[in-house]
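User: I have a new structure to go through, and I'm just starting out. Can you walk me through it in short answers?

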Amino acid sequence: MLGCALEDYGVYWPLFVLIFHVISPIPYFIAKRATYDSDATSSACRELAYFFTTGIVVSAFGFPVILARVSVIKWGACGLVLAGNAVIFLTIQGFFLVFGRGDDFSWEQW
């Protein structure tokens, strides 16, 4: 948000990265819904979901770099967007690591 809101930058193109933040967990949700076999360590559907999610995350980091490279946004705004991407995607990963294990969640692990 700072890459768009600060007076020095003033361009709102980096907000399109929010689309990547919204769609990044969708392949995981689809794969989790499609495969109920929790005993298997790997499945083709789950691996395909990881592949698509990786592509979305890499695209979210590449998009501001491309915008900065063609001088649509400034490099300072690009750096702020990349830092925000790191925070958001680490938060999403942390959420899935803590709450995505299934029904055996208990507060005693804290």
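User: Let's start with Trp 75. Which helix is it in?
Analyst: Trp 75 is in helix α5. Keep in mind that this is a predicted model.

User: Is Trp 75 buried or exposed?
Analyst: Trp 75 is exposed. Its relative accessibility is 52%, and exposed means over 50%.

User: What does Trp 75 touch, leaving out residues up to four places away in sequence?
Analyst: Trp 75 touches Val 65, Ala 68 and Arg 69.

User: And how far is Trp 75 from Pro 64?
Analyst: From C-alpha to C-alpha, the distance is 8.9 Å. In sequence, Trp 75 and Pro 64 are 11 residues apart.

User: Let's zoom out. How many helices and strands does the protein chain have?
Analyst: The chain has five helices and zero strands. From the N terminus on, the order reads α-α-α-α-α.

User: How much of the chain is buried?
Analyst: Of its 110 residues, 24% count as buried. The chain exposes about 7900 Å². Carbon and sulfur atoms supply 68% of that area.

User: What share of the contacts comes from residues 24 or more positions apart?
Analyst: They account for 57% of the contacts with a separation of 6 or more.

User: Now the inside. Which residues make up the largest nonpolar core?
Analyst: That core has six residues: Val 17, Phe 20, Ile 56, Ala 60, Val 81 and Phe 89.

User: Which helices supply at least two residues each?
Analyst: Helices α2 (17–23), α4 (44–69) and α5 (75–99) each do that.

User: What other core is there?
Analyst: There is a second, separate core of five residues. Among them are Leu 67, Ala 68, Ile 73 and Cys 78.

User: How accessible are Phe 51 and Phe 52?
Analyst: Phe 51 is exposed, at 58% relative accessible area. Phe 52 is partly exposed, at 43%.

User: What about the rings of Phe 61 and Phe 89?
Analyst: Their centres are 5.9 Å apart and their planes are at 40°, so the pair is tilted. The pair links distant parts of the chain. Phe 61 is in α4, Phe 89 is in α5, and they are 28 residues apart.

User: Are Phe 61 and Phe 89 buried or partly exposed?
Analyst: Phe 61 is partly exposed, at 29% relative accessibility. Phe 89 is buried, at 10%.

User: Which residues do ring pairs link into a cluster?
Analyst: Tyr 28, Phe 29, Phe 95 and Phe 96.

User: Switching to α4. How far does it reach?
Analyst: Helix α4 has 26 residues and spans 37 Å from its first C-alpha to its last. That is close to the 38 Å expected at 1.5 Å a residue.

User: Where does α4 bend?
Analyst: The bend is at Gly 62, by about 25°. A proline, Pro 64, follows within four residues.

User: Which residues of α4 are buried, and what do they pack against?
Analyst: The buried ones are Arg 46, Ala 49, Ile 56, Ala 60, Pro 64, Leu 67 and Ala 68. They pack against α2, α3 (26–34) and α5.

User: Last one, Asn 85. Is it buried or exposed?
Analyst: Asn 85 is buried, because its relative accessible area is 0% and buried means under 20%. Asn 85 is found in α5.

User: What is Asn 85 in contact with?
Analyst: Leaving aside neighbours within four places in sequence, Asn 85 contacts Val 17, His 21, Ala 60, Phe 61 and Pro 64.

Conventions. Residues numbered from 1 in each chain as written. Predicted model: local features only at pLDDT ≥ 70, side-chain atom pairs only at ≥ 80, totals over all residues. Heavy atoms only, no water. Buried < 20%, exposed > 50% of the residue type's maximum accessible area, 1.4 Å probe, protein only. Contact = heavy atoms within 4.5 Å. Areas by Shrake-Rupley, 256 points an atom, 1.4 Å probe, with all protein chains shown as cover. Core = buried A, V, L, I, M, F, W, Y, C linked by side-chain atoms within 4.5 Å. Phe/Tyr/Trp six-rings, centres within 6.5 Å; stacked < 30°, edge-to-face > 60°. Expected span 1.5 Å × (residues − 1). Bend = angle between axes of the 7 residues up to and from the residue.
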